[in-house]
Amino acid sequence: MTARTARRKRIIRVRTVEHQMAEANLARANGELASLVELAKRLETLRVDLAMAKGAVAGGALNTIGELAMRLDIAQENLTAPLVNASARRDQAGVLAQSAMAKEESAVRLYERSRKSAEAEAERRRDANRPHRARGGMRLRLIEGGAA
């Protein structure tokens, strides 16, 4: 293995680790976003389930229901910014993961090209060091006594 091939093999290892880290970051960002979306769904479900009772209702209960509804609305509004940020982080992690994958694939292609080039060069050198042998094919020979 030539120095160039060895260097490219090391680059592949680095690019592979970078790609794995980018994929892990993407998975983490997806999990965070999914968690926030699930939380938003639960808040929405609680708000919808908080229905006013029909008929006569005590004033304290009505006040409690109204306050709970207000708090659920505030919680839902406060959740929009983290949802947007988590979505942006997920998109950015996706771009970084794609970039890391492209760099890894490029490094693999460069390594393969370098390896094939090194093999061809080694073969050429082996052929150059081989002693010359006369080929056993057809040869012109002079026939003694001239042309017949």
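I began with burial: of the 148 residues in the chain, buried ones make up 17%. I note that this is a predicted model.

I then checked the accessible surface, which comes to about 11,800 Å² for the chain. Carbon and sulfur atoms hold 57% of that surface.

Residues 24 or more positions apart account for 88% of them.

**Entry on charged pairs.** How many salt bridges does the structure hold? I found ten. As background, side chains of opposite charge can pair when their charged atoms come close. I went through some of the pairs in turn.

**Glutamate 32 and arginine 89.** I found the side chains of these two residues in a salt bridge, with 2.2 Å from N to O. Which parts of the chain does the pair tie together? Glutamate 32 lies in helix α1 (residues 3-49) and arginine 89 lies in helix α2 (residues 59-129), so the bridge ties together parts that are 57 residues apart in sequence. Glutamate 32 has a relative accessible area of 33% and is partly exposed. Arginine 89 is also partly exposed, at 38%.

**Arginine 125 and glutamate 121.** This is a salt bridge between side chains, at 3.3 Å from N to O. I placed both residues in helix α2, four residues apart, which is about one turn of the helix. Is arginine 125 buried or exposed? Arginine 125 has a relative accessible area of 52%, and because the cut-off for exposed is over 50%, arginine 125 counts as exposed. Glutamate 121, at 29% relative accessibility, is partly exposed.

**Glutamate 123 and arginine 126.** I found another salt bridge here, with the side chains meeting at 2.6 Å from N to O. The two residues are three apart in helix α2, so about one helical turn separates them. I recorded glutamate 123 as partly exposed at 35% relative accessibility. Arginine 126 has a relative accessible area of 48%. That value is not over 50%, so arginine 126 is not exposed but partly exposed.

**A network.** Which residues are linked in a network of salt bridges? I noted Glu112, Arg115 and Glu119 as linked in this way.

Key: Residues numbered from 1 in each chain as written. Predicted model: local features only at pLDDT ≥ 70, side-chain atom pairs only at ≥ 80, totals over all residues. Heavy atoms only, no water. Salt bridge = Lys/Arg side-chain N within 4 Å of Asp/Glu carboxyl O. Buried < 20%, exposed > 50% of the residue type's maximum accessible area, 1.4 Å probe, protein only. Contact = heavy atoms within 4.5 Å. Areas by Shrake-Rupley, 256 points an atom, 1.4 Å probe, with all protein chains shown as cover.
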